[in-house]
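Subject: Structure for you to look at

Hi,

Here is the structure I promised to pass on. Please open it and keep it beside you while you read my notes.

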Amino acid sequence: MIAAGKATTRKEVHMGELRERMQQALVVRGMSPRTQEAYLAAVTGLAKHYRQRPDMLSAQQVEDYLRYLLEQRHLAPNSVRVAVFGLRFFYTVTLKRAAFALPLPKGGKKLPEVLSREEVARLLASTATVRERALLMTTYGGGLRVSEVVRLRVGDIDAERGVLRVEQGKGRKDRYTLLGTRLLAELRHYWHVYRPTPPWVFPQRSKPVPMDPTTAQKMYYAAKRRAGITKAGGIHALRHAFATHLVEAGTDLATLQQLLGHDSITTTMRYVHVARTRVAAHGSPLDSLALDDKPAA
């Protein structure tokens with residue numbers, strides 16, 4: 001039944017059908033919820049840009065839209081790459097059309113801004129509640145992605161072995177990562193204070209479902225602001241810090257790769273480039289030069 005005062009147009013119905021077909025195709029192929037969301041958003045953005053059904057657009061229009069994202073919206077190349085993958089999926093899988101070439105911008109090799117140990121300590125000290133502190137400590141202490149920390153289950157905490165089990169992380173893989181005595185004590189304190197609804201360690205306040213990742217991001221940004229930290233990045237910065245600090249402490253790359261759940265050791269090696277002990281181990285070559293006294297002003 002259509003609500004009074006607002007009729008549903010044929011265009012809206014058709015768009016709803018296309019979205020449903022695409023989402024079903026994504027689910028059948030085992031795409032993660034975040035990938036589904038990103039791919040669907042890419043098609044929605046295209047339709048809104050032209051104010052036209054995406055199945056009525058030409059290949060040239062799609063290519064022009066991608067160029068618009070890069071040149072006028074100034075989106076990062078990696079963001080546009082995700083849009084390309086989403087649009088490819090829509091046209092070749094959902095609509096079953098012959099593949100057409102779409103420009104794929106090269107992703108930049110930008111190193112993350114890494115929080116120092118002192119900054120992480122200051123951040124955790126700036127949390128407003130036991131819940132915020134426990135969530136951010138777990139993210140850093142286990143090197144977790146935000147999608148992993150919010151879906152952590154009580155049964156994933158293995159106190160005897162001192163590990164956290166990450167079930168179906170990125171790439172649909174299970175793995176184990178670090179727990180540690182300090183994090184275990186913090187989680188026990190948090191559990192005693194909040195008594196969260198099982199099986200989730202960090203459920204939503206009003207529903208027995210995992211916390212929304214956006215809520216976790218907001219917690220991080222609020223604590224970062226209170227701590228006076230100006231380095232860029234969201235809650236994923238804690239995962240970067242976890243990896244970098246382990247490299248600085250001498251953890252070998254093969255072990256770090258397993259803890260982070262990386263498919264390739266090449267991905268893990270990026271943390272060697274930002275580790276302070278590696279970068280500054282020998283000092284600047286300028287320091288070893290025999291220079292004369294400073295010139296007179």
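Start with Q36. At 12% relative accessibility, Q36 counts as buried, because the cut-off for buried is under 20%. Keep in mind that this is a predicted model. Q36 sits in helix α2. Which residues does Q36 touch, leaving out those up to four places away in sequence? They are Q23, L26, V27 and M31.

Now move along to A38. This residue is also placed in helix α2. Is A38 buried or partly exposed? A38 has a relative accessible area of 28%, so A38 is partly exposed. Then find F85. A38 and F85 are 47 residues apart in sequence. In space, their C-alpha atoms are 9.4 Å apart.

**Helices α2 and α3**

Stay with α2, which covers residues 33-50. Helix α3 covers residues 59-71. Their axes come within 11 Å and cross at roughly 100°. The two helices are therefore roughly perpendicular to each other, since angles of 65 to 115 degrees count that way. Which residues make the contact? On the α2 side they are A42, G45, L46, H49 and Y50. On the α3 side they are Q61, V62, D64, Y65 and Y68. By type, the residues of this contact divide into six nonpolar, three polar and one charged.

**Helix α4**

Next comes α4, residues 77-94. Helix α4 has 18 residues. How far does α4 reach from its first C-alpha to its last? The span is 25 Å, close to the 26 Å expected at 1.5 Å a residue. Several residues of α4 are buried, among them V80, A83, V84 and G86. The buried residues also include L87, F89, F90, Y91 and T94. Look just past the end of the helix too. There, K96 takes a positive phi of about 55°.

**Helix α6 and T139**

Helix α6 runs over residues 130-142, and T139 is found in it. Is T139 buried or exposed? T139 has a relative accessible area of 1%, so T139 is buried. Set aside its neighbours within four places in sequence, and T139 is in contact with L144, V149, I235 and L238. Take I235 from that list. T139 and I235 are 96 residues apart in sequence, yet 8.1 Å apart in space, C-alpha to C-alpha. The side chain of T139 also has a polar atom 2.8 Å from the backbone oxygen of L135.

**Helices α6 and α9**

Helix α9 covers residues 213-227. The axes of α6 and α9 come within 10 Å and cross at roughly 100°. That makes α6 roughly perpendicular to α9. From α6, the contact uses R131, E132, L135 and L136. From α9, it uses A216, M219, Y220, A223 and R226. What types are they? The residues of this contact divide into six nonpolar, no polar and three charged.

**Helix α11**

Last stop: A254. This residue is in helix α11, residues 253-260. At 45% relative accessibility, A254 counts as partly exposed. A254 and I265 are eleven residues apart in sequence. Their C-alpha atoms are 7.2 Å apart in space.

Best wishes

How values were computed
Residues numbered from 1 in each chain as written. Predicted model: local features only at pLDDT ≥ 70, side-chain atom pairs only at ≥ 80, totals over all residues. Heavy atoms only, no water. Axes fitted to C-alpha atoms, helices over the stretch in contact; angles between N-to-C directions. Helix = DSSP H or I, 4+ residues; strand = E, 2+ residues; numbered from the N terminus. Parallel < 35°, antiparallel > 145°, perpendicular 65-115°, else oblique. Contact = heavy atoms within 4.5 Å. Nonpolar A, V, L, I, M, F, W, Y, C, P; charged D, E, K, R; others polar. Expected span 1.5 Å × (residues − 1). Buried < 20%, exposed > 50% of the residue type's maximum accessible area, 1.4 Å probe, protein only. Polar contact = N/O pair within 3.5 Å; in protein donor to acceptor, adjacent residues only side chain to side chain.
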